[in-house]
Amino acid sequence: MSTKLQEDSGRELKKENQEMTGSSMLIQALARENVDIIFGYPGGAILPTYDEIYRSGIRHILARHEQGAIHAAEGYARVSGKPGVCVVTSGPGATNVITGIADAMIDSLPLIVITGQVATKVIGTDAFQEADIVGITMPITKHNYQVRDIEDLPRIIKEAFHIATTGRPGPVVIDLPKDVSEATGIFTYDQPVDLPGYQPTYTPNKLQIRKVREAVTKAKKPVILAGAGVLHAKGSDELLAYVEQQQIPVVNTLLGLGSFPASHPLAIGMAGMHGEYTANMALHHCDLLINIGARFDDRLTGALSDFAPHAKVAHIDIDPAEIGKNVETHIPVVGDAKEALKMLIAENGKPSECTEWKEQLYEWKKEYPLWYEKDDEVIKPQQLMEIIYEETNGEAVVTTDVGQHQMWAAQYYKFDKPNHWATSGGLGTMGFGFPAAIGAQFAEPDKPVVSILGDAGFQMTAQEMSILQELNIPVKIIIVNNSSLGMVRQWQELFYDERYSHSIFPIQPDFVKMAEAYNIQGWKVDDPKKVREVLQEALAYDGPVLLDCRVAKEENVYPMIAPGKGHHEMEGIKP
Amino acid sequence: MKRTIIATVHNTSGVMNRITGLFARRNFNIESITVGLTENPSISRMTFVVNVDDERGLDQVIKQLNKQVDVLKVRDITDEAIIARELALIKVVATPETRGEISTLVEPFRASIVDVGRESVTIQVTGDQQKIEAMIDLLKPYGIKEMARTGVTAFKRGTKKSVLDSPKYSIIS
């Protein structure tokens with residue numbers, strides 16, 4: 001059985017300035033935006049569009065729940081760098097993608113979400129499957145539209161793609177009433193976008209760049225914090241070149257993993273609530289913090305009052321509203337990360353004299369690495385992550401949900417390349433990882449895709465195993481099964497006197513049988529001595545595999561900054 | 001601190017919803033919002049009076065407004081030479097005996113009595129916020145039955161504020 005990952009999308013470009021239906025315009029516009037694949041689920045109000053999808057032969061992946069479709073679109077967007085397109089019907093179809101839209105908004109993923117809507121003449125009458133999706137998605141989209149007039153449709157689609165993919169990327173919703181998709185109008189797409197209220201700044205101010213250069217020269221303890229903005233800007237090569245030129249240590253955010261090679265000598269690791277000791281100490285003790293494309297999220301900063309207390313802060317971000325939002329910034333630089341890094345490289349400033357600082361960091365790294373106690377009887381989740389890393393040569397595309405397994409994956413899988421990591425960072429969405437892996441596999445058909453999931457999160461979107469079966473997509477599902485909501489359980493242990501309120505599952509489905517029900521390989525492993533072998537087999541298998549890995553049930557993620565604490569108050573560091 | 005911010009926005013359906021929603025979810029404290037058409041019918045002008053804790057809060061209000069695709073221009077005009085006006089309708093308890101008194105009170109404010117009932121009169125007053133407040137203070141002793149204020153609308157002056165434009169009500173202490 002061969003996989004059906006690559007298939008000609010069979011799109012046919014019709015000439016401009018022709019009369020056509022709204023749904024036909026949509027398909028024509030998608031073709032012009034080089035959309036190869038859409039993820040969706042049909043329904044009443046979107047029927048005309050689905051009729052056109054049928055006739056045009058554009059590649060469409062049928063999810064089994066709209067949430068699966070939108071997370072797949074997110075995974076595709078994160079790994080490919082192209083906009084993910086999701087098509088759903090009105091009312092419940094549209095409300096089922098809300099979580100994914102909010103997830104894409106907070107993690108800055110470019111999505112085009114087309115929602116069907118009831119006919120314009122019945123909007124506002126509580127018609128069948130009507131929901132005010134423009135109102136509902138206003139706070140969780142970069143922008144949204146309801147198409148009231150067929151004449152506006154080509155312009156709206158063009159603007160939507162422009163807004164979703166430029167500046168700080170984000171989701172854009174187009175609400176398409178049924179009658180508008182059936183109406184006919186003249187299709188003209190070759191027109192410039194005219195949005196005077198939307199003019200993202202790409203090229204940073206030269207004076208500000210110079211200030212960064214000067215601050216680096218003066219600094220004794222500089223550190224770069226590299227976030228997902230580097231990845232969105234496709235600026236990893238520039239970051240590496242700048243770091244090599246200036247020899248500044250680099251700390252990553254959770255979402256920024258892969259923006260700088262983890263195996264590089266100047267890579268200090270991930271910072272944050274469950275970040276590495278050295279990375280957090282680097283932020284705490286630095287005298288110059290250069291934030292490139294990170295938004296100083298609370299899970300990264302810990303208590304703001306204790307955050308980087310000695311640092312002069314430079315912040316490079318394409319979204320001016322992020323600068324100074326949480327952390328007082330001394331050198332604001334509004335612009336694209338790649339452009340800023342290019343300019344910084346061109347400045348060729350005198351590097352900072354920070355040998356002592358780097359020695360200190362290396363010493364901490366040696367003294368306080370990530371650690372766990374090995375066990376011969378039970379699989380330690382950290383060990384599982386190490387084995388996954390080793391057996392995939394660090395080259396797999398990894399997706400996760402949120403929680404303990406996510407933190408262990410982030411800690412122990414060392415990403416050397418960009419766009420190999422899709423995780424739900426800001427929103428922390430359970431049920432994200434598995435469908436995201438499907439989208440990621442479509443973006444990278446030739447790379448191994450490993451979806452590391454919790455047993456709880458997997459159950460939220462497990463129905464998408466249908467897609468794996470239908471198209472024989474070789475995603476490897478690895479369930480880090482501790483029969484509980486691990487992170488919730490950990491917090492209840494630490495902060496709620498071990499009152500495990502609804503975090504431990506009294507029963508669990510048989511995941512192997514679930515896989516079998518979808519006619520995909522399902523294997524269980526609970527012996528630490530056999531993990532490697534089983535994983536090798538799964539990775540070598542030509543097709544999807546579900547691995548139910550029974551891990552130590554009460555393992556906690558460490559080190560940790562307790563909520564409300566600062567980086568200097570980490571717990572669970574290596575004794 | 002109280003700041004007056006003006007924004008020009010695309011006059012699309014839902015734009016007011018976008019802005020008020022933004023203020024609510026970002027925890028910004030708005031005292032008033034006014035909105036109306038400009039000389040260009042496709043563009044509306046909004047005037048906000050906001051209460052912010054510090055410079056950073058103010059900075060966020062302006063940046064978040066600027067992030068909206070439908071917002072064309074945002075400006076904090078508090079410290080600039082501006083014309084800021086508000087209109088208030090105030091219904092005051094008035095007996096035939098007090099009517100005359102109220103009428104003389106209203107005159108120096110260039111306010112006018114726009115409706116007279118058996119037990120009340122309704123006064124319309126226009127001016128900057130201080131003037132409206134002063135008018136309300138003076139009318140309070142008579143008993144205010146109902147009041148409606150529009151909130152401030154403002155824009156920059158064509159030239160610098162001149163001496164002649166000093167408040168007209170300053171003679172009343």
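Predicted model: local features only at pLDDT ≥ 70, side-chain atom pairs only at ≥ 80, totals over all residues.

1. Six strands build an open sheet, and their order across it is 11-10-9-12-13-14. The pairing is parallel. At the edges sit strand 11 (267-270) and strand 14 (331-334) of chain A, each of which pairs on one side only. On average, neighbouring strands of this sheet are turned by 15 degrees against each other, with direction ignored.

2. Three bridges join strand 10 to strand 11 of chain A, and the two run parallel. Which residue of strand 11 is the bridge partner of Val250(A)? The partner is Ala267(A). As background, strands of a sheet pair through backbone hydrogen bonds, in either a parallel or an antiparallel way.

3. Next, the contact between the chains. On the chain A side 14 residues take part, and they are in contact with 16 residues of chain B. What classes make up the chain A side? Nine of its residues are nonpolar, four are polar and one is charged.

4. An unreviewed UniProt entry lists residues 4-79 of chain B as "domain: ACT". In the model, this span is 32% helix and 41% strand.

5. The domain assignment of chain B gives domain 1 as residues 2-76 and domain 2 as residues 84-157. Taken over C-alpha atoms, the centres of these two domains of chain B are 28 Å apart.

6. Finally, how do the two domains of chain B touch? Eight residues of domain 1 are in contact with seven residues of domain 2 in chain B. On the domain 1 side, strand 1 (2-10), strand 2 (29-37) and strand 3 (43-51) of chain B each supply at least two residues. Strand 2 of chain B gives the largest share, with four residues. By class, this side of domain 1 of chain B holds three nonpolar and five polar residues, and no charged ones.

Notes:
Residues numbered from 1 in each chain as written. Chains lettered and ligands numbered in written order. Pairing = 2+ DSSP bridges. Axes fitted to C-alpha atoms, helices over the stretch in contact; angles between N-to-C directions. Contact = placed C-beta atoms within 7 Å. Nonpolar A, V, L, I, M, F, W, Y, C, P; charged D, E, K, R; others polar. UniProt positions renumbered as here; feature names shortened; annotations may be inferred. Domains from an automatic or database assignment.
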